[in-house]
Amino acid sequence: MAVDVWKRIPVREQDPKVRATNFEEVCLGYNKEEAEDEATRCLNCPNPQCVKGCPVSINIPKFIMELKEGNVEKAYQTISESSALPAVCGRVCPQESQCEGKCVRGIKGEAVSIGKLERYVADTAREMGIKPQGATEKKNKKVAVIGSGPAGLTCAGDLARIGYDVTIFEALHEAGGVLVYGIPEFRLPKDAVVKKEIENVKSLGVKIEKDVVIGKSVTIDSLMKDEGFEAVFIGSGAGLPRFMNIPGEQALGVFSANEFLTRSNLMKAFSSESTTPIMHPKKCVVVGGGNVAMDAARTALRLGSEVHIVYRRGEEELPARKEEVEHAKQEGIIFDLLCNPVEILEDENGWVKGCKCIRMELGEPDESGRRSPVEVAGSEFEIECDAVIMSLGTSPNPLISSTTDGLEINRRKCIVAEESNGQTSKEGVFAGGDAVTGAATVILAMGAGKAAAKGIDEYLSSK
Amino acid sequence: MFKILEANELAANIHQLIVEAPRVAGTCLPGQFLIVRAEEDGERIPLTICDYDREKGTVELVVQALGAESRKICRKKAGDTLADVVGPLGNASDLCSEDIEELKKKKIVFIAGGVGTAPVYPQAKWLKEQGVDCDVIIGAKNKDLVILEDRFKSVCNLYVTTDDGSYGRSGMVTKCLQDLYDEGKRYDHCVAIGPMIMMKFVCKLTKELEIPTVVSMNTIMVDGTGMCGACRLTVDGQVKFACVDGPEFDGHKVDFDQAMMRMKLYATEEGRLALKEQEGDTHHGGCGNCD
């Protein structure tokens, strides 16, 4: 098949009508022929811009050239030199604003589908049983990693690859952080993809101790003093949900997106086999416009609900990825933009019966350049519903910072750390990801985990 | 995996397990709780700590078989394992951070209802170890449901009351407290742990009697680490998460009616699952109680 160099090879997806009723992955990915055809579109730039757009600096042209030659194993090893989670990143990175956003092909035509190619390589390598290459010699130094989300897994993977003895401590019963509790099955399959990717990190020698809540089960100070860890990386994320503090928020049927998604994703409550209950709303309002809001909305839809996304700004300002918004629309999610809840209405038994909203309009841009929404007086209206899911963002859990001596935090309760190497105010303690930045993206957390691994190596090498 | 060293039935449907969980045993304090999953595919449920042994690295749980998951836990035998035991979670009892000499001056009463008796034990025991005396009222439906009596006797002045009068005093815990008050007992501090309805009525009474009262809120929980807000409740007009801000709160400031209402959230789902669990292979739907 002749390839039109200006256009990307389309990727196969489940039909919107069908997928709206199941939890199987929406995007089916490339097959061998499609991937190799798409790979021919890469110009193998001598000064590749795409690499600059990748927070973990994967050698993109090199892996694509290997793929073009049909050498998946070499392509995989090239990627895994930089990324511990390629099957995840190929699926959930906002490539349009990262690698693909910088691709020169994108100037005149469509950028090379770097994310889909990365995914193809990682998926194929997994099917072929190819593992990442581990350390050749051991350094005999112990490093503790707090949290097994993208930041922690990346940091642990990088440190293990250069020979450190790494243990990850995870509070939940399953490793992966937001990859297992936050991002739904239909975007990121848990058993088929996330578990296998974590197995790969373990195959590098990383140990994972689950059911350990740092700050409660053991403190960082005690890990360093009593258990022989010479450095610690904190990648505990930003998992504390926000509520609006409006009347009716305690009604039955009001959930944080974290609760709703944790029940569905981590506890598999979407499946009738699970013993963890979840509400199956008939008509539900999801408040917020980020990726988490899209995930919660599409999950509620699959549980059989009519879903309204209520967001206080306009379509242009939606913080979610374009692809996610598109997918949500195709599946039939209704967007009620430029409006905001002011009260949740309850019936006589305490259950949600509606959401009272007010219309908004965008005012002048503020210092950050964002036009802030202002209420239109007298424009209140009601949306009838039996559930409301709050997806207003999250902030870091103060559990670790409040139980670690000498760890500086800022007024948003984020840990203060150097961007270049993750060093915190406490010697030997490094941090990165959402615990430092507040809620951001998977790949930025991975970038921070990577920088901290380098910082920890430099610190321990000079010690 | 967490190994079960001992498993005993204390009363009908109330089981005691001693579990190897060295990290929990190493740091837990009275007032804290655990999240437990029986099996790999199970639900996370909050359970209280009844006792712990730092040397042996063990914690003791007392579980009442109510829902699908607690039923599974209660079926466990010595030598079996629990898939997950997470903790200790929540804050330790405020008593643990108070000045011991000040504590010794206080007249403290604990009021325990049903399986809430278990989490009262480590608090009374801890006080005893510090040389602080306390009174404990245990309330149970009937004689057969009174648990841990002998162990309490060794750490406190114990009053047992049964709803049907089949053992000890007769009537609810609130009647027992009122009777003790009428007999001339005065208290400076009350801790009530049990069903929400019991804690609500204890608080109503202690407010009249002007006894500051702490309650331990047993709300619905998922993660138990503050990331979901399933356990949220209103205390003094503020939204709190029981798992990280509590579980103990000033009982005179808790909105009990709202907290009790929120317990209904999954009532039907749980009932459906419990039925499925009970009936096992004989369950085939069509009864109208499940789908």
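Start in chain B with strand β9 (residues 135-140) and strand β10 (residues 157-162): six bridges join β9(B) to β10(B), and the two run parallel. Strands here are DSSP runs of E, at least two residues, and helices are runs of H or I, at least four residues, numbered from the N terminus. Two strands pair if DSSP finds at least two bridges between them.

This is a predicted model, where local features need pLDDT of at least 70, side-chain atom pairs count only at pLDDT 80 or more, and totals for chains, interfaces and linings use all residues. Residues are numbered from 1 along each chain as its sequence is written, chains are lettered from A and ligands numbered from 1 in the order written, and side-chain values use heavy atoms, leaving out hydrogens and water.

Select G139(B). Opposite stands T161(B) in β10(B).

Now colour β10(B) by burial. Five of its six residues are buried (under 20% relative accessible area, 1.4 Å probe, protein chains only).

Next, pick strand β11 (residues 169-170) of chain B. Two bridges join β10(B) to β11(B), again running parallel. T162(B) has S170(B) as its bridge partner in β11(B).

Move to chain A. Select helix α2 (residues 32-39) and helix α4 (residues 60-68): their axes come within 8 Å and cross at roughly 130 degrees. Axes are lines fitted to C-alpha atoms over the stretch in contact, with angles from 0 to 180 degrees between N-to-C directions.

Finally, show the side chains at this crossing. A35(A), E36(A) and A39(A) of α2(A) meet I64(A), L67(A) and K68(A) of α4(A) (contact: heavy atoms within 4.5 Å).

Key:
Buried means under 20% relative accessible area, exposed over 50%, partly exposed in between (1.4 Å probe, protein chains only).
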